[in-house]
Amino acid sequence: MKPIYHELEFGITCIDTQHMRQDFVAAYLIENNGRAAFVDTGCYLSVPTLLATLDEKNISRDAVDFVILTHIHLDHAGGAGELIKHLPNANIYVHERGAQHLIDPSKLRAGVISVYGELFFKQFLGDLIPAPENRVNIAKDGDTLNLSGRELRFIDTPGHARHHLCIWDEYSKGIFSGDTLGVSYREFDTEQGCLIFPPTTPIQFDPEAWIETIDKLMTLKPKSAYLTHFNQIEFTQQSANMLKQHINGFTQIANQHKDDTNRHKAIKEALLTYLLKIAYEHGVTFDKAQQIKLFKGDLEICAQGLGVWLDRR
Ligand SMILES: [Zn+2]
């Protein structure tokens with residue numbers, strides 16, 4: 001297994017978990033004074049890549065202190081139970097609403113299979129291994145971890161999911177943001193910067209909470225966001241405004257189509273039109289078919305999440 005990773009500044013490595021495709025799902029490795037922490041793990045099938053990255057960087061498995069999970073969606077945390085088996089000194093840190101689902105993943109598994117289907121689960125997510133209870137720790141808003149002298153601070157960040165935490169790294173002035181600071185594929189970078197949009201994944205999308213969360217994170221004056229999807233971006237007030245604008249854009253689409261006969265299909269089509277329009281306005285010029293391909297997975301999930309949100313209101 002040849003790992004693919006990007007060495008960033010401040011002892012941070014963006015590991016390409018190669019889930020579904022390259023440049024799609026990242027996990028991060030933070031090194032400080034000979035100790036290391038993972039932020040997110042990718043899914044079960046990503047674990048060999050994470051371990052191979054440690055090997056390639058000559059970091060011993062017992063130098064890893066923390067496996068930090070931004071939230072328990074499987075592209076972020078599905079590998080945690082398997083990974084921890086290989087890291088004798090590490091403990092998992094997760095939101096209080098997520099901890100139980102790591103220890104007993106049966107509900108999580110059933111939930112994912114109901115959204116994606118059994119075939120997808122087996123083929124693309126692999127499996128889901130329970131994490132031993134004595135190695136799962138709850139992290140609350142304001143809690144900190146000390147990675148050999150480097151402080152990592154947890155921030156409760158509802159909006160994408162209620163079990164979502166972001167991690168503030170004072171040293172890099174960066175936020176490990178999971179899905180909270182949006183999705184931004186490097187293919188859509190132009191001279192205008194990054195294109196960022198919100199993953200309105202089922203089942204806890206909450207636009208009002210999300211916008212409050214973004215404003216709260218901006219009070220930290222971050223320089224970077226370390227996105228799961230995908231890699232480090234410079235995160236400015238303009239980025240925050242773009243994300244908030246598109247959260248509102250997505251909810252407007254949902255509202256416009258709430259009474260349509262085939263609501264899901266209508267929302268999905270409108271989201272595609274919207275994303276292609278914002279990509280065009282952002283100066284994206286590559287082949288439209290390729291753009292549609294890159295947006296495709298998000299369209300399905302975002303439309304489902306918006307549907308759940310409409311039903312809950
Ligand atoms: Zn998520």
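Contact is taken as heavy atoms within 4.5 Å. Helices (H or I, at least four residues) and strands (E, at least two) are DSSP runs, numbered from the N terminus. The model is a predicted one: local features need pLDDT of at least 70, side-chain atom pairs count only at pLDDT 80 or more, and totals for chains, interfaces and linings use all residues. Residues are numbered from 1 along each chain as its sequence is written, and side-chain values use heavy atoms, with hydrogens and water left out.

Two strands are said to pair if DSSP finds at least two bridges between them.

Strands E1 (residues 4–7) and E2 (residues 12–16) pair in the antiparallel sense over 4 bridges. Glu7 stands opposite Thr13 in E2. The two strands form a hairpin with 4 residues between them. In the turn, Phe10 has a positive phi of about 65 degrees.

Burial is defined by relative accessible area: buried is under 20%, exposed over 50%, and partly exposed in between (1.4 Å probe, protein chains only). By this criterion H1 is mostly covered, with 7 of its 10 residues buried. These are Val47, Thr49, Leu50, Leu51, Ala52, Thr53 and Leu54. Their cover includes E1, E2, E3, E4, E5 and helix H3 (80–84). Just after H1, Asn58 takes a positive phi of about 55 degrees.

Within H4, Gly98, Ala99, Leu102 and Ile103 are buried. These residues cover an arc of only 135 degrees around the axis, which puts them on the same side of H4. The arc is that of the directions from the helix axis to the C-beta atoms. The buried residues of H4 pack against helix H2 (74–77), strand E6 (91–95) and strand E7 (136–139).

Tyr93 lies in strand E6. Its relative accessibility is 14%, so Tyr93 counts as buried. Leaving aside neighbours within four places in sequence, Tyr93 is in contact with Phe66, Val67, Ile68, Leu69, Asn137, Ala139, Leu145 and Phe154. The C-alpha atoms of Tyr93 and Ala27 are separated by 15 Å, with the two residues 66 apart along the chain.

E10 and E11 (residues 174–178) run antiparallel and are joined by 3 bridges. Trp168 has Ile175 in E11 as its bridge partner.

A zinc ion is coordinated by His71 (NE2), His73 (ND1), His160 (NE2) and Asp179 (OD), at 2.1 to 2.2 Å. Donors are N, O and S atoms within 2.8 Å of the metal (3.2 Å for Na, K and Ca); water is not among the atoms, so sites may look incomplete. In sequence, the donor residues are spaced H-x1-H-x86-H-x18-D. His73 and His160 link distant parts of the chain, 87 residues apart. His73 sits in the loop between strand E5 (64–68) and H2, and His160 in the loop between strand E9 (150–156) and strand E10 (165–169). His73 counts as buried because its relative accessibility is 16%. His160 is likewise buried, at 1%. The 4 donor atoms subtend angles of 85 to 169 degrees, which makes the arrangement irregular. Four donors count as tetrahedral if all angles lie between 85 and 135 degrees; four count as square planar and six as octahedral if opposite donors are over 155 degrees apart and all others between 65 and 115; anything else is irregular.
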